[in-house]
Amino acid sequence: MKLIAAFCAAVIALGGTAILSAPEAMPKTENYILIIEQPQSAPQDAEEMIRVKTDSAVLEMPEEEYLTCVVLSECLPSFAIETMKAQAVAARTFSAKTAQSGKHEDADVCADFACCQAYRSKAELSERFGSDFEAYWEKALSAVRATKGEKLYYNGALIDAVYYSCSGGRSEAAVAVWGSDVPYLQSVESPGEEDCSKFESVISMPIAAFREKLSQSGKTVKFSLFPQDWIGNTVRSEGGGIQTITLAGAEFTGTEVRKLFALPSTNARISVQGGEIVFDTLGYGHRVGMSQYGAEAMANAGSNYREILQHYYSGVEIR
Ligand SMILES: [Zn+2]
């Protein structure tokens, strides 16, 4: 074994590829078997590649570069390193699961945040961050490298590592938003997200526009004389979002309301104020899984990325 180890060390020093062009240098057949395996664990061959579909092409790049781009596209560069590590693991898990699902026929993942996860190329990020780019890149890359290969599993299978900007104080269970119960996507507390610019939003629209939207919703709606009577009973989910709400006599789910009125989240309160309908909302995104601002609050309070991931994804394994 000593001989083999020494030979392998020499192979690494030589840079892997040299071995194949010099088979006569191999001392024994048993070593030959090892040599074939050796390049796979040599640093320069260990690089995982990923195919990313952008608007113009399918780009093949090292996974490490892709994940670094995602971290800098999804996180603020000022975010704590532990937040970036949590984001890197979630993004790695998300892209592996997406690739496995065959969502995109010709690529593992796409660059559209609404479909997969946000990806800006290295060139775009460089333009965006200017003279700070190198420092930001190194920071995000170190988060990707520190968590190399780590993904999230539940019962031995890759999880749907969904995430969003901020929850408004509490995340939603998957069942409340998408209708199917997922054991690791439950509603959890998410304090300290107030730095998110969309933590609280107020959106208003004229009553006539609100009425028109409801009329176009495809539901059977009836408008009584006073607009305040259009807003009926609301049932809330554990995460504070609208589970169902009666509007103009028809029942809507929170997700339907969010889509219909382009709200930042389903955690909305609807009222009539003067001649307007006002939506007071908390949080931004679907609010299922990891909150990026909640992760940042945990990191700033001393939690590491594993604690952050295990808080937002209940009962998962990181490996
Ligand atoms: Zn996609």
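Me: Is Tyr66 buried or exposed?
Reply: Buried, with a relative accessible area of 0%; buried means under 20%, exposed over 50% and partly exposed in between, using a 1.4 Å probe and protein chains only. Keep in mind this is a predicted model, where local features need pLDDT of at least 70, side-chain atom pairs count only at pLDDT 80 or more, and totals for chains, interfaces and linings use all residues. Residues are numbered from 1 along each chain as its sequence is written, and side-chain values use heavy atoms, leaving out hydrogens and water.

Me: How many aromatic pairs are there in the whole structure?
Reply: The search finds 10. Rings of Phe, Tyr and Trp (its six-membered ring) pair if their centres lie within 6.5 Å, with planes under 30 degrees apart counted as stacked, over 60 as edge-to-face and the rest as tilted. Tyr66 and Tyr119 make a stacked one, 5.7 Å centre to centre with 25 degrees between the planes.

Me: And Tyr119, buried or exposed?
Reply: Tyr119 is buried, at 9% relative accessible area.

Me: Which residues form the aromatic cluster?
Reply: Phe210, Phe223, Trp230, Phe261 and Phe279 form one cluster.

Me: Switching topic: what does the side chain of Gln87 have a polar contact with?
Reply: The side chain of Tyr163, at 3.5 Å. A polar contact is a pair of N or O atoms within 3.5 Å; within protein, one must be able to donate a hydrogen and the other to accept it, and residues adjacent in sequence count only if both atoms are side-chain atoms.

Me: How buried is Gln87?
Reply: Its relative accessible area is 1%, so Gln87 counts as buried.
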